[in-house]
Amino acid sequence: MHLKHLDWPFFEPRHRELAASLDAWCAAYLGPAHGEDVDAECRSLVRALGEGGWLQHAVAAGEGQAIDTRAICLLRETLARYNGLADFAFAMQGLGSGAISLQGTPAQRARYLPRVARGEALAAFALSEPEAGSDVAAMQCSAVVDGDDYILNGEKTWISNGGIADFYVLFARTGEAPGARGISAFIVDAGLPGFEIAERIEVIAPHPLARLKFSNCRVPRSQMIGAPGEGFKVAMRTLDVFRTSVAAAALGFARRALEEGLRQSRERAMFGATLADLPLTQAKLADMACGVDSSALLVYRAAWQRDQGQTITREAAMAKLMATENAQRVIDAAVQLHGGRGVRRGEVVESLYREIRALRIYEGASEVQQLIIGRDLLKNG
């Protein structure tokens, strides 16, 4: 059932082959649960994804090579359907190195991207701060020129792969202009003097997260991505590529929840029949299926449009908003269909319930997506 949408006209034969190949790989290598040592599990998944050749789709290692948005979305959807941490591991390799793929110098690309694609170096994207999440222009972390270096001071928080990444694409205020126009992007290697992991952050779905602190941390000028003051543009270009893939991950979670709900409905004895025989169950399943398909159409419309070179500000926001909100509803319905089992630790639907919640917040909360859509409608009709 979950591969039927590959027949839609958004996809080319290579996309269908890619999704089917990854589906087979996931069935052979991934289960829905992961070990207690999340850091070790994440490193192991990155290595496995690299060895399997999947991470090459998350980076644009070759000069002039473009990132295929539909491929990234299909990969994230499939990984999320099997294992949330595997999706996280894949996504962070792409997001964490995305600015280098899009705007890195030849030397930067050669140094970092092949290792990311092979799963030998873990990447991270360091944008958010304690007082600057959705409002990037409020960023306080600073980078001041000192000879051939920049000196970093400040903090970053909610940084995925924080504490285990080998390098961080970090955004800091360099002061060329007020607000968003005075931010620059840097590649900061882990372990530099003055760079510390100030706090590891635990969340409801175990993922590596941390707060970073910089105290007179020296970074060579050669580690800047793009020109001084272009960091905000670099960040937005990176998020533009990967925001649609967040929606695809939510879609993968929702598909798995629908599958689990269907299985439970058919197997659960209820009032002399099965749960599936009850009209209320059938109505709930219908709503779940509509949520999945409407999300999928928005996700792959946006991905297809971006691969055609179109601007997808509104379309990506719509996909991210509706796919994450729909997935929350679909997963909640699946938990309800499971009754007491649905909230038991270790059940697939319980894991999905914890996994989905963060997707409605990160890379632009649902309310931010509504603002983006509304402003675009008012501006462009």
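Guide: We begin with a word we will need: a contact means heavy atoms within 4.5 Å. This is a predicted model, where local features need pLDDT of at least 70, side-chain atom pairs count only at pLDDT 80 or more, and totals for chains, interfaces and linings use all residues. Residues are numbered from 1 along each chain as its sequence is written, and side-chain values use heavy atoms, leaving out hydrogens and water.

Visitor: What does T78 touch?
Guide: Leaving aside residues up to four places away in sequence, T78 touches L22, D23 and C26.

Visitor: Why is T78 called buried?
Guide: Buried means under 20% relative accessible area, exposed means over 50%, and partly exposed lies in between, using a 1.4 Å probe and protein chains only. T78 has a relative accessible area of 8%, so T78 counts as buried. Across the protein, buried residues make up 54% of the 381 residues.

Visitor: Which helix holds T78?
Guide: T78 sits in helix α3, residues 69-82. Helices (H or I, at least four residues) and strands (E, at least two) are DSSP runs, numbered from the N terminus. The protein has 10 helices and 10 strands.

Visitor: What makes the protein as compact as a globular protein of that length?
Guide: The radius of gyration is taken over C-alpha atoms, and the globule rule is 2.2 Å times the number of residues to the power 0.38. The protein's radius of gyration is 21 Å, close to the 21 Å that the rule gives for 381 residues, so the protein is as compact as a globular protein of that length.
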